[in-house]
Amino acid sequence: MFQDLDIRYDNAWRRATPEADSVALIRQGDGILAALQEGQLAFPRFGQLPPAARALEWRYAFTLGDESYFLAQWDDAPLPVGYGFVSSKDYRNYGPKEAVFAAAVSESLHRWYGANRFCGRCGKPMEDSDTERARVCPDCGLTVYPKICPAVIVAVTDGDRLLLTKYQGRAFKRYALVAGFAEIGEPIEDTVRREVFEETGLRVKNLRYYKSQPWVFTDSLLFGFWCELEGSDRITLQKSELSEAGWYRRDEIPGDYSGISLTGEMIEGFRGGRGPKE
Ligand SMILES: [Zn+2]
């Protein structure tokens with residue numbers, strides 16, 4: 001999956017200023033400043049940037065391995081030679097995986113900072129907390145933490161069959177599993193049962209938590225569950241959410257799904273013999 005790195009990811013908050021060899025994550029809209037060479041994504045070092053870029057408002061983002069990454073927004077300035085803005089739709093297809101991960105995390109952080117410039121309660125400008133990754137209103141004290149939305153990915157199985165779906169009205173047209181966001185006050189297991197029933201009319205039992213995936217492209221934290229069909233296998237499609245849903249035997253499962261996602265890992269796992277019991 002896209003977040004499986006061979007090096008350490010340290011995202012503990014600290015106030016810091018970039019140094020010449022710090023990695024510069026510069027955002028513009030949904031793009032990140034990078035050079036592309038032979039399918040590899042490379043970010044500039046802070047010391048390589050023109051003075052106008054070094055004068056931007058920089059924030060410490062995280063450390064990957066031994067490298068410190070800093071984040072800034074660039075609205076209008078000359079670009080370093082050889083660099084351009086690459087959108088998330090494109091950079092997902094490049095390597096190395098550390099760079100794709102850094103770009104995706106910076107996108108989520110950037111979205112969050114941009115959406116929390118002003119207090120949602122009293123309208124005053126917000127400030128960074130000194131002690132944690134949070135935005136704080138100096139006037140009314142409202143504290144806002146990074147936006148992370150819990151959601152489920154559900155592999156509904158019936159013996160040798162897996163339920164596959166396709167989303168309605170989204171750019172992503174490949175096969176997927178049942179998915180949906182948790183509601184306030186809802187245990188995540190109830191999210192599984194509710195989403196499966198809402199989207200397909202099916203009932204499930206024997207839920208087994210598999211693993212999680214931070215899906216930072218949509219500010220989500222995905223919880224993958226295996227479960228078994230209970231009762232009728234007749235699907236009633238929720239057409240506002242899904243364009244199709246159907247049962248596929250292990251040997252019929254199509255290869256057309258996302259290779260970097262928990263969804264893809266679970267579909268491939270089922271094909272290889274995994275499921276609710278193992
Ligand atoms: Zn306030």
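Mentor: Domain bounds here come from an automatic or database domain assignment, and they divide the protein chain into domain 1 (9–115), domain 2 (118–146) and domain 3 (149–271). The centres of domain 1 and domain 2, taken over C-alpha atoms, are separated by 24 Å. This is a predicted model, in which local features need pLDDT of at least 70 and side-chain atom pairs count only at pLDDT 80 or more, while totals for chains, interfaces and linings use all residues. Residues are numbered from 1 along each chain as its sequence is written.

A nonpolar core is a set of buried Ala, Val, Leu, Ile, Met, Phe, Trp, Tyr and Cys residues joined through C-beta atoms within 7 Å; a residue is buried if 20 or more other C-beta atoms, placed from the backbone, lie within 10 Å of its own, exposed if 12 or fewer, and partly exposed in between. The largest such core has 62 residues, and those with the most contacts inside it are Leu25, Phe70, Val154, Val156 and Leu177. Helix α3 (residues 97–115) gives the most to this core, with seven residues, helices (H or I, at least four residues) and strands (E, at least two) being DSSP runs numbered from the N terminus. Domain 1 and domain 3 both give residues to the core, so it lies between them.

Within α3, the buried residues include Val100, Phe101, Val105 and Leu109, and what covers the buried residues of this helix includes β2 (23–28), β3 (31–37), β5 (59–64) and β6 (67–73). Val154, for its part, touches residues including Leu177, Val192, Phe225 and Cys227, not counting residues up to four places away in sequence, where contact requires C-beta atoms, placed from the backbone, within 7 Å.

Methods:
Contact = placed C-beta atoms within 7 Å.
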